[in-house]
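This report covers charged and aromatic side-chain contacts. The sequence and model come first.

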Amino acid sequence: SESRDASAAYVLTTHFVVLNSVQRCFRTLGRSDNPEAFVGQWRKRNAGYLVAAIGYMDRRLAEAAARGGEHERERTERALDEAVSRSGTETADGFFRTGDKAAVCARVIGMIESGALDLHVESPMQAELQALVNDFGTP
């Protein structure tokens with residue numbers, strides 16, 4: 001459904017934003033901790049939503065393959081990847097449009113560390129996110 005597509009895309013886009021921000025900022029901030037471990041902590045806190053979004057998208061890809069074979073599955077996967085990448089890049093770029101990069105990085109990484117970019121009760125689309133989790137994963 002459109003709402004499930006949107007909620008899965010929201011989860012995957014948020015994940016993209018976290019990855020992109022860490023890639024842009026860890027060196028700028030001179031952080032000595034491991035960026036993969038840092039992202040891993042975000043993934044752990046949001047595992048249920050990630051599992052649900054990936055499970056849902058796997059089902060959508062299987063449906064595409066059933067409809068039109070491997071070519072249709074690949075086309076659907078490319079379209080999803082491009083949409084998540086485009087939306088995630090726009091969001092991350094928005095963080096960095098104004099201000100000193102180090103200051104912006106400190107703020108964005110602080111948001112990730114504090115859980116402000118976690119998927120939780122205050123997230124937009126919470127009802128849709130919870131329905132996705134109920135059907136495809138557990139938070």
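## Side-chain contacts

Arginine 60 and glutamate 63 form a salt bridge, with the closest N and O atoms 3.6 Å apart. A salt bridge here is a side-chain nitrogen of Lys or Arg within 4 Å of a carboxyl oxygen of Asp or Glu. Both residues belong to helix α3 (residues 47-96), where being 3 residues apart separates them by about one helical turn. Helices (H or I, at least four residues) are DSSP runs, numbered from the N terminus. Arginine 60 is partly exposed at 25% relative accessibility. Glutamate 63 is partly exposed too, at 31%. Salt bridges with shared partners join Asp5, Arg59, Arg60 and Glu63 into one network.

This is a predicted model: local features need pLDDT of at least 70, side-chain atom pairs count only at pLDDT 80 or more, and totals for chains, interfaces and linings use all residues. Residues are numbered from 1 along each chain as its sequence is written, and side-chain values use heavy atoms, leaving out hydrogens and water.

The whole structure holds 12 salt bridges. Among them is the contact between arginine 31 and glutamate 113, at 3.0 Å between the closest N and O atoms. Arginine 31 sits in the loop between α1 (2-29) and α2 (35-45), and glutamate 113 in helix α4 (residues 101-114), so the pair ties together parts 82 residues apart in sequence.

Another salt bridge joins aspartate 118 and arginine 45, at 2.8 Å from N to O. Aspartate 118 lies in the loop between α4 and α5 (126-136), and arginine 45 in helix α2, so this pair links parts 73 residues apart in sequence.

Buried means under 20% relative accessible area, exposed over 50%, and partly exposed in between (1.4 Å probe, protein chains only).

| Residue | Relative accessible area | Class |
|---|---|---|
| Arginine 31 | 25% | partly exposed |
| Glutamate 113 | 44% | partly exposed |
| Aspartate 118 | 11% | buried |
| Arginine 45 | 39% | partly exposed |

The whole structure has 2 aromatic pairs. One of them is tyrosine 56 with phenylalanine 136, edge-to-face, at 5.5 Å centre to centre and 75 degrees between the planes. Rings of Phe, Tyr and Trp (its six-membered ring) pair if their centres lie within 6.5 Å; planes under 30 degrees apart count as stacked, over 60 as edge-to-face and the rest as tilted. Tyrosine 56 lies in helix α3 and phenylalanine 136 in helix α5, so the pair ties together parts 80 residues apart in sequence. Tyrosine 56 and phenylalanine 136 are both buried.

Conventions. Helices (H or I, at least four residues) and strands (E, at least two) are DSSP runs, numbered from the N terminus.
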